[in-house]
Amino acid sequence: MSDTSLQINIETIGETIVVTPNGDIDLSKSTELRAKLQPLLSQQPEKLIVDLKAVPYMDSSGLATLIEALQITRQQGKTFVLCDLSEGVQSIIALSRLDAIFDIVSSRDEALAN
Amino acid sequence: MQKDTPNQYTEFTIDFPTSPTWFKSIRMLIVAACTQCGFTDRVAGQVAMAVDEALCNIHRHGYQGEYGRATLTVKTTISPKSSIQIQIEDDAQQMDTELIKSRNLDDVRPGGIGVHLIQTVMDEALWTKREHGGMKLTMHKTITPETNQLHTETSTQ
């Protein structure tokens with residue numbers, strides 16, 4: 001069984017916040033990511049980056065959390081970027097046809113630079 | 001896990017609580033079964049995702065987040081083709097099978113894509129009502145020379 005908490009690192013770089021979850025984001029963990037993102041979204045940073053290099057698997061509840069964050073940042077006129085997607089996360093985003101909806105870049109450096 | 005010899009037929013059944021804390025273990029089990037019968041890691045991961053989405057739906061909609069149980073039966077064959085057949089039975093609230101369908105993905109909003117993922121990944125997914133209560137989902141996927149490549153291409157479209 002998997003019952004450990006999802007580790008989530010949060011880093012502020014100027015007007016940008018980088019969120020780096022570590023572990024699978026499934027039904028048992030997506031609420032933890034949502035709880036971490038909500039106060040960050042309330043701060044209305046210019047750019048919110050979610051670095052997914054350490055997320056080997058994400059289910060539709062994790063995707064729903066990211067879609068919520070995307071919609072909130074768009075309402076705020078801010079930028080929401082996903083970077084460094086693992087193969088498993090790339091797979092579910094593509095199968096859900098969300099690869100054209102999210103702003104996705106290959107690396108954290110690219111996300112910070114754009 | 002020791003790799004099976006060709007032509008081997010594998011079947012196992014597991015009964016478990018439909019608590020999300022169990023789902024990662026179930027995913028790992030499905031990946032092992034898929035790779036053993038010849039699926040690539042990528043396609044095996046997608047089949048595991050389909051099972052995961054089905055279990056999430058049973059937990060959230062069938063048992064409405066309360067304690068419940070499911071029985072997972074997996075059958076794999078290597079010859080004449082590599083294939084996996086998965087059956088998930090529960091004792092949860094019965095659903096109108098006409099209402100279990102993918103939604104319009106052009107409407108970008110959180111939630112409601114689990115059925116789409118299941119139907120996209122698997123060759124077939126059939127929900128039926130069990131005679132004495134609960135639901136049964138039967139899914140299968142067969143490997144063809146194109147199958148392993150298919151979802152790789154899908155991910156790059």
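Chain B has 157 residues, and 44% of them count as buried. Buried here means under 20% relative accessible area, exposed means over 50%, and partly exposed lies in between, with a 1.4 Å probe and protein chains only. Keep in mind that this is a predicted model: local features need pLDDT of at least 70, side-chain atom pairs count only at pLDDT 80 or more, and totals for chains, interfaces and linings use all residues. Residues are numbered from 1 along each chain as its sequence is written, chains are lettered from A in the order in which they are written, and side-chain values use heavy atoms, without hydrogens or water.

Staying with chain B. It has 4 helices and 5 strands. These are DSSP runs, numbered from the N terminus: helices are H or I with at least four residues, strands are E with at least two. The order along the sequence is β-α-α-β-β-α-β-β-α. Now contacts, meaning heavy atoms within 4.5 Å. Take those in chain B between residues at least 6 apart in sequence: 67% join residues at least 24 apart.

Next, the interface. How many residues of chain A are in contact with chain B? The count is 26, against 30 residues on chain B. The buried area between the two chains is about 2400 Å², and carbon and sulfur atoms give 61% of that. That area is the accessible area, 1.4 Å probe, lost when two parts are put together, summed over both.

There are 4 salt bridges between chain A and chain B. The rule is a side-chain nitrogen of Lys or Arg within 4 Å of a carboxyl oxygen of Asp or Glu. One of them pairs B:Arg42 with A:Glu87, with the closest N and O atoms 2.9 Å apart. On the chain A side, the elements giving two or more residues are helix H2 (60-76) and H3. H2(A) gives the most, with 7 residues.

One residue to look at is B:His116. You will find B:His116 in helix H3 (residues 114-121) of chain B. B:His116 is buried, at 7% relative accessible area. Leaving out residues up to four places away in sequence, B:His116 touches A:Leu95, A:Ser96, A:Arg97, B:Ser102 and B:Leu105.

Last, aromatics. Over all chains there is 1 aromatic pair. A:Phe80 and A:Phe102 form that pair, 6.4 Å centre to centre, 45° between the planes, so tilted (ring centres of Phe, Tyr or the six-membered ring of Trp within 6.5 Å; under 30 degrees stacked, over 60 edge-to-face, the rest tilted). Both A:Phe80 and A:Phe102 are buried.
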